[in-house]
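Please look through the sequence and the model that follow. The report after them starts from one residue and widens to the whole protein.

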Amino acid sequence: TLSLLSTHSSVLKNSVRNPIACSAGTDLFQRYIISTLQSPTSNTQDTVHDFTTIRDQLVANGEQFVARAQEARGVIARIAGRFVRDGSTVLTAGDSRVVSAVLDAAADKGFRFRVVYVRDSGTPFSSDASGGGDGMVARLRGKGVPVAVIGASATAYSLGKITMVIVGAEGVVENGGIVSRLGTYQLAMLAKSVRKPVYVVAESHKFVRLYPLGQYDLPIQQTVVDFRDGTDDEEKNARASGAGEENRPDGGKEEDEAVDYTPPELITALVTETGIHTPSAVSEELIKIWY
């Protein structure tokens with residue numbers, strides 16, 4: 001059973017271009033299944049040969065794991081909500097569901113704050129909700145929260161108006177850094193340069209056993225920096241017309257899924273469902289989760 005679970009986890013991870021977030025969840029789920037089956041209170045100890053009983057418990061454990069993961073977002077919203085107060089201006093990007101939950105919760109509590117949303121760099125400039133994050137922007141505006149949508153090139157210009165940066169993460173690595181949507185590293189660097197706090201909100205199941213040494217030490221293949229010369233014009237034109245292999249079946253492009261690594265020294269604090277942590281405390285949290 002565990003072998004089958006491992007096999008299908010590998011299939012799932014191999015089906016996506018960036019498996020970091022998927023790896024964190026599937027690896028932790030496998031660990032969760034093993035620990036519950038080995039628990040002294042597990043009723044499988046006396047019925048180890050009863051396949052139906054084991055199967056039912058595996059399904060129940062899986063449903064419980066998913067339920068806890070979904071509940072985590074609401075808990076994080078309550079914890080991180082203390083950072084968003086009257087008069088605050090929050091800079092965010094990446095259309096994170098956890099960030100959206102935090103801002104929605106603050107708006108529902110009646111706090112008067114503003115949001116600066118950095119749109120995807122590949123879309124035309126617009127002050128409306130286009131360029132990714134349209135759901136978050138529309139929802140917040142519907143709740144009376146003023147939202148400004150800017151391009152990535154205007155990020156530094158906007159820093160004088162913001163109070164803090166709040167971003168999500170696809171993975172929280174062992175040294176307290178994060179792997180997140182491309183552009184997060186640049187946001188954190190700019191915020192650090194003007195002494196603005198950077199808060200990361202992420203569920204604990206996104207803690208992943210990786211220790212990247214830099215941007216190019218992630219276990220994925222990306223062509224963000226793609227050097228070409230004149231002999232590549234034909235291929236470049238094909239990709240520009242939508243015929244290239246960088247385009248996904250859903251119409252998006254590889255750049256839309258690209259990620260970068262933000263080192264821990266640029267992060268003020270990480271907020272999970274277990275509380276507020278400094279980046280240096282991540283390794284201890286990983287030990288609690290895995291051992």
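Asp-86 is partly exposed, with a relative accessible area of 45%. Here buried means under 20% relative accessible area, exposed over 50%, and partly exposed in between (1.4 Å probe, protein chains only). This is a predicted model, in which local features need pLDDT of at least 70, side-chain atom pairs count only at pLDDT 80 or more, and totals for chains, interfaces and linings use all residues. Residues are numbered from 1 along each chain as its sequence is written, and side-chain values use heavy atoms, with hydrogens and water left out.

**Salt bridges**

Side chains of opposite charge can pair when their charged atoms come close. A salt bridge is a side-chain nitrogen of Lys or Arg within 4 Å of a carboxyl oxygen of Asp or Glu. The count by this rule is seven salt bridges. Three of them are listed here.

| Pair | Closest N to O |
|---|---|
| Arg-112 and Asp-86 | 3.9 Å |
| Lys-143 and Asp-104 | 3.7 Å |

Lys-143 sits in the loop between α5 and β3, while Asp-108 is in helix α4, 35 residues away. Helices (H or I, at least four residues) and strands (E, at least two) are DSSP runs, numbered from the N terminus. Lys-143 is partly exposed, at 35% relative accessible area. Its two partners contrast: Asp-104 is buried at 12%, and Asp-108 is exposed at 57%. Asp-104, Asp-108, Arg-139 and Lys-143 are linked in a network of salt bridges. Arg-112, the partner of Asp-86, is exposed at 65%.

**A buried leucine**

Where is Leu-103 found? Leu-103 belongs to helix α4, residues 97-108. Leu-103 counts as buried because its relative accessibility is 0%. Contact means heavy atoms within 4.5 Å. Beyond neighbours within four places in sequence, Leu-103 touches residues including Val-84, Phe-113 and Met-136. Leu-103 and Val-84 are 19 residues apart in sequence, and their C-alpha atoms are 7.8 Å apart.

**The surface and the whole**

Leu-182 lies in the loop between β6 (178-181) and α7 (184-193). Leu-182 counts as partly exposed because its relative accessibility is 37%.

The protein has 10 helices and 10 strands. Of its 291 residues, 46% are buried. Take contacts between residues at least 6 apart in sequence: 74% of these join residues at least 24 apart.
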